[in-house]
Amino acid sequence: IDLGKAYFSPRLGTERQRIASAIRPNETIAVFFAGIGPYAVQIARHCVPKKVFALEWNPKAIPLLKENIAQNKAAHLITIFSGDVAKSVAHILGQCTRVIMPAPETAIQYLPAAVKALSPKGGIIHCYLFVERKKSTSVSVKKELSPHLPKNRPCFIVSVRSVSDFSASKVQVCAEIKVGKARALRSPKKSSKR
């Protein structure tokens, strides 16, 4: 892969596995900024999704994405939409249970589009972003994300996880955002022994 034309990071293999392990059978997943397909293909190969939508704007990455899908025999599960993510979302409105946004430089501005892609019942967004190391706390990241979340649907930032070092002063984090009624999305409480 010419990294000047299409981005790929083997360092994020553990993170991709973490996300894949959270996916339940029969989910419909959208991967924004899909690149050459590391998230989309791993999910198609190792999870049991209903459908995976791979959205990618870079025309130089699309042939590599298609090749990756073909070599991994995942064409029956992955549908590619090329072009601007905000426009591509029009094809998948309300269909997804989960949206993955692995482009930390720009993901935050596409949060409204990610919410639109989710089912009316709600779902989960994994939003990656770069933050200053001293502001990588859950509270600081929530403050940064909150203005970008739409007000017309309930959105809850439930966790912030440090993913990798970006520089001496910045780290990459993944914020997990649940969209929908809090009661419907809350984890079941452990039963207390009496």
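Which helix does E15 lie in? E15 sits in helix 1, which spans residues 13–22; helices here are DSSP runs of H or I with at least four residues, strands are runs of E with at least two, and both are numbered from the N terminus. The model is a predicted one, so local features need pLDDT of at least 70 and side-chain atom pairs count only at pLDDT 80 or more, while totals for chains, interfaces and linings use all residues. Residues are numbered from 1 along each chain as its sequence is written, and side-chain values use heavy atoms, with hydrogens and water left out.

E15 counts as buried because its relative accessibility is 7% (buried is under 20% relative accessible area, exposed over 50%, partly exposed in between, with a 1.4 Å probe and protein chains only). Leaving aside residues up to four places away in sequence, E15 touches Y39, Y128, R161, V163 and C174, contact being heavy atoms within 4.5 Å.

Seven strands make up an open sheet, ordered 3-2-1-4-5-7-6, with mixed pairing; two strands pair if DSSP finds at least two bridges between them. Strand 3 (78–82) and strand 6 (155–165) are the edge strands, each pairing on one side only. On average, neighbouring strands of this sheet are turned by 20 degrees against each other, direction ignored. Axes are lines fitted to C-alpha atoms, for helices over the stretch in contact, and angles run from 0 to 180 degrees between N-to-C directions.

Strand 4 (residues 98–101) and strand 5 (residues 123–132) run parallel and are joined by four bridges, with V99 standing opposite I125 in strand 5.
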